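Please look at the sequence and the 3D structure below.

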Amino acid sequence: MTDFSNAQPLLRADRVTRTFGRIVGCADVSLDLYPGEVLGIVGESGSGKSTLLRCLFAADTPDSGTVAYTLRHGETRNVHTMLDAERRMLMRTDWAFVHQNPRDGLRMHVSAGGNVGERLMATGERHYGNIRATAGEWLDKVEIADERIDDLPVTFSGGMQQRLQIARNLVTRPRLAFMDEPTGGLDVSVQARLLDLLRGLVSDLGLAAIVVTHDLAVARHLSHRLMVMKQGRVVETGLTDQVLDDPQHPYSQLLVSSILRA
């Protein structure tokens, strides 16, 4: 098992809390994520995992607590006090976000190649031939045929749209990916193929990732470490196999047993 803790944390959250009136989104959540590590966050609907992800990604601002990211040159910055322009650049380069619904992460009336190329252009690439060649390489990586490069995503199946969203996000070789139910809504056979693809790309790129899912099989397949949330709070955390094979908290035990009964 790789010991990630010898490195400086890539992302560190300290006592992150977000409430909506009397409803607790997440409360006092702290975590360290290391380069190349995949953290799974699991729990039932309403457990707070998606609220936490939005705070980590700076799509939402916590009521209290901090989220710090280590830049490529080693400086650590609070993602919520960065200038908007700095944060937008991170989202184009170092960060990726894979939505559950690929339509939220794609421009549906721009060609497949154009979707991938747009992210390259956002980082300064201007040579059309280079952009198209790189887009073609990434479509191949996510198992989309070369002849589909000029087709619109609206003509793709759900699984192909999700693979295209992954190519669009990873083409700039980010250091950190946020994934919100990345296989949700897909058929089991399509889901298995996508999971294998994701695990291979994460490994090949040395990518750190936070994966939010209600599916424990997805968490086991992708994550090194697991965090279990209930009603906005973390109730258990540990190595993925340890948590799933020998859960300690009653809620974790309930989640695991519900899968075994299914």
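How many bridges join E1 to strand E4 (residues 64-70), and do the two run parallel or antiparallel? The model shown here is a predicted one. In it, E1 and E4 are joined by five bridges, and the two strands run antiparallel. One of the residue pairs can be named: Leu-11 has Tyr-69 in E4 as its bridge partner. Strands of a sheet pair through backbone hydrogen bonds, and they may do so in a parallel or an antiparallel way.

Strand E1, which covers residues 11-20, also pairs with strand E2, residues 23-33. This pairing is antiparallel too, and it extends over seven bridges. Arg-12 stands opposite Asp-32 in E2, Arg-18 stands opposite Cys-26 in E2, and Phe-20 stands opposite Ile-23 in E2. E1 and E2 form a hairpin, with two residues between them. In the turn of this hairpin, Gly-21 has a positive phi of about 65°.

These pairings belong to a wider arrangement. Four strands make an open sheet in the order E2-E1-E4-E5, and the pairing in it is antiparallel. The edges are taken by E2 and by strand E5 (76-78). Each of these two has a single partner strand, so one side of each is left without a neighbour in the sheet. From one strand to the next, the twist averages 25°. As a general point, the side chains of a regular strand alternate between the two faces of the sheet.

A further open sheet is built from six strands, in the order E6-E7-E8-E3-E9-E10. Here the pairing is mixed. Its edge strands are strand E6 (95-98) and strand E10 (233-239), and each of them pairs on one side only. Neighbouring strands of this sheet are turned against each other by 15° on average, with direction ignored. Among the residues involved, Val-98 has Met-179 in E7 as its bridge partner.

Now return to Cys-26, the residue opposite Arg-18. Is Cys-26 buried or exposed? Its relative accessibility is 0%, so Cys-26 counts as buried. Cys-55 is likewise buried, because its relative accessible area is 0%. The cut-off for a disulfide is a pair of cysteine sulfur atoms within 2.5 Å. By this rule the count of disulfides is zero.

The last topic is empty space inside the protein. Rolling a probe the size of a water molecule over the atoms shows where such space is left. A search of the whole structure finds one cavity of 30 Å³ or more. The volume of the largest cavity is about 30 Å³. Which residues line the largest cavity? The lining is made up of Val-42, Leu-216, Val-228, Val-243, Leu-244, Ser-252, Leu-255 and Val-256. Two elements give two or more residues to this lining, namely helix H8 (240-245) and helix H9 (250-261). H9 gives the most, with three residues. Sorted by kind, the lining residues are seven nonpolar, one polar and no charged.

Between H8 and H9 there is a loop, and Pro-247 is found in it. Is Pro-247 buried or exposed? Its relative accessibility is 12%, so Pro-247 counts as buried; the cut-off for buried is under 20% relative accessible area.

Key:
Residues numbered from 1 in each chain as written. Predicted model: local features only at pLDDT ≥ 70, side-chain atom pairs only at ≥ 80, totals over all residues. Heavy atoms only, no water. 1 Å grid on protein atoms, 1.4 Å probe; cavity = no way out; pocket = protein on both sides within 12 Å on 5 of 7 lines; lining within 4 Å. Points joined across faces, edges and corners; volume = space filled by probe spheres on them. Nonpolar A, V, L, I, M, F, W, Y, C, P; charged D, E, K, R; others polar. Pairing = 2+ DSSP bridges. Buried < 20%, exposed > 50% of the residue type's maximum accessible area, 1.4 Å probe, protein only. Axes fitted to C-alpha atoms, helices over the stretch in contact; angles between N-to-C directions.
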